[in-house]
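Have the sequence and the 3D view open as you read.

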Amino acid sequence: MGNAVYDQGLQLEYLKNRLNMFLEVIDALDPETTDLEDIDRLIRVLDDLQMKYERFKKDWEKSR
C-alpha cells in the first residue's frame, strides 16, 4: 500500500487517474464475455473510489 496523500492537488490527481483506469477497463470489456462477477468487481471499484473521494473531501473542507 502507498503512503497517505494530503496535498489537495495530488489527491485530485489520484482520483482522476483511478477514474481514467476505470474507464479504460469499461472500454475494454467485451459484452459477450462479461459476466456478473466482472460487474460486481466494477461496482466495488466505484465504491472504493467514492470512499476515497469522501475522505479527500473532508480534508478539503478542513483546509478552507
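The axes of helix H1 (residues 8–28) and helix H2 come within 11 Å and cross at roughly 165 degrees. Angles over 145 degrees count as roughly antiparallel, so that's what H1 and H2 are to each other. Axes here are lines fitted to C-alpha atoms over the stretch in contact, with angles running from 0 to 180 degrees between N-to-C directions. Helices are DSSP runs (H or I, at least four residues), numbered from the N terminus.

Keep in mind that this is a predicted model, where local features need pLDDT of at least 70 and side-chain atom pairs count only at pLDDT 80 or more. Residues are numbered from 1 along each chain, and side-chain values use heavy atoms, leaving out hydrogens and water.

How many salt bridges does a search of the whole structure find? It turns up two, each being a side-chain nitrogen of Lys or Arg within 4 Å of a carboxyl oxygen of Asp or Glu.

| Arg-41 and Glu-37 | 3.4 Å | four residues apart |

Together, Glu-37, Asp-38 and Arg-41 are linked in a network. Glu-37 is exposed, with a relative accessible area of 52%, while Arg-41 is partly exposed at 38%. The cut-offs: buried is under 20%, exposed over 50%, and partly exposed in between (1.4 Å probe, protein chains only).

Leu-36 also sits in helix H2 (residues 36–62), and counts as exposed at 63% relative accessibility.

Conventions. Helix = DSSP H or I, 4+ residues; strand = E, 2+ residues; numbered from the N terminus. Parallel < 35°, antiparallel > 145°, perpendicular 65-115°, else oblique.
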